[in-house]
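Let's take a friendly walk through a protein model together. Have a look at the sequence and the 3D view, and keep them at hand while you read.

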Amino acid sequence: MRSKLFIYGETLLDAGSGNKSWRERGIGEVRLLKHKEHQRTRLLMRQEKTMKVIANHVVDPRIKLEPNAGSDRSWVWSAFDFAEGELTETIFAIRFADSEIAEGFKKKFQESQEDMEKVLAGEDAGGDSTAADEAAEAVAALKTSD
């Protein structure tokens with residue numbers, strides 16, 4: 001979904017002064033990606049032309065998407081971002097072309113949060129766990145000898 005991403009914080013000119021404001025981080029496609037091995041979901045957004053990562057964080061079940069004041073097509077949330085190579089707590093705002101796309105994003109984001117809650121609780125295992133049981137039995141049967 002194409003959108004514009006903003007972050008809340010100090011600019012380089014205001015560093016250390018405590019003056020915080022919304023500034024544009026970039027325009028691009030926002031994606032919710034699920035890892036194939038450990039099933040964790042993360043939000044990834046890249047700048048449109050340069051493909052620079054502008055948002056990269058885990059979709060934590062504790063994140064609260066809140067509507068931005070005065071707009072039905074934007075959402076605000078806080079997360080630990082890793083886009084610039086180090087983990088920093090960042091307040092994000094994302095704005096879409098219309099309210100339908102924004103509602104679709106919120107729905108997908110909340111579905112991803114529910115999936116992550118199951119993964120973190122250990123309920124992500126599929127119904128057929130015979131291969132895992134066989135592997136566990138094989139490991140238990142291993143013995144070391146002197």
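Predicted model: local features only at pLDDT ≥ 70, side-chain atom pairs only at ≥ 80, totals over all residues.

Residues are numbered from 1 along each chain as its sequence is written, and side-chain values use heavy atoms, with hydrogens and water left out.

Let's begin with charge. Side chains of opposite charge can pair when their charged atoms come close. Such a pair is called a salt bridge when a side-chain nitrogen of Lys or Arg is within 4 Å of a carboxyl oxygen of Asp or Glu. How many salt bridges does a search of the whole structure find? The search gives 6.

One of them joins the side chains of Lys 4 and Glu 24, at 3.7 Å from N to O. Lys 4 belongs to strand E1 (residues 2-9) and Glu 24 to strand E2, so this pair ties together parts that are 20 residues apart in sequence. Helices (H or I, at least four residues) and strands (E, at least two) are DSSP runs, numbered from the N terminus.

Another salt bridge brings together Glu 84 and Arg 25, at 3.1 Å from N to O. This pair links distant parts of the chain, 59 residues apart: Glu 84 sits in the loop between E6 and E7, and Arg 25 in strand E2. Glu 84 is exposed because its relative accessible area is 62%, while Arg 25 counts as buried at 16%.

Now follow helix H1 to Ser 112. With 10% relative accessibility, Ser 112 counts as buried. What does Ser 112 touch, not counting residues up to four places away in sequence? Its contacts (heavy atoms within 4.5 Å) are Leu 32, Thr 41 and Val 59.

Compare that with another serine, Ser 78, in strand E6. Ser 78 is partly exposed, with a relative accessible area of 33%. Leaving aside neighbours within four places in sequence, Ser 78 is in contact with Ile 63, Glu 89, Thr 90 and Ile 91.

Patches are made of residues with over 30% relative accessible area and no salt bridge; like charges are joined within 9 Å, and nonpolar side chains (Val, Leu, Ile, Met, Phe, Trp, Tyr) within 5 Å. Trp 22, in strand E2 (residues 21-34), is partly exposed at 39%.

Finally, find the negative patch formed by Asp 72, Asp 98, Glu 100 and Glu 103. Asp 72 lies in the loop between strand E5 (66-67) and strand E6 (74-81), and is exposed at 53%.

Notes:
Areas by Shrake-Rupley, 256 points an atom, 1.4 Å probe, with all protein chains shown as cover. Lys, Arg positive; Asp, Glu negative; His and termini not counted. Charge placed at Lys NZ, Arg CZ, Asp CG, Glu CD. Buried < 20%, exposed > 50% of the residue type's maximum accessible area, 1.4 Å probe, protein only.
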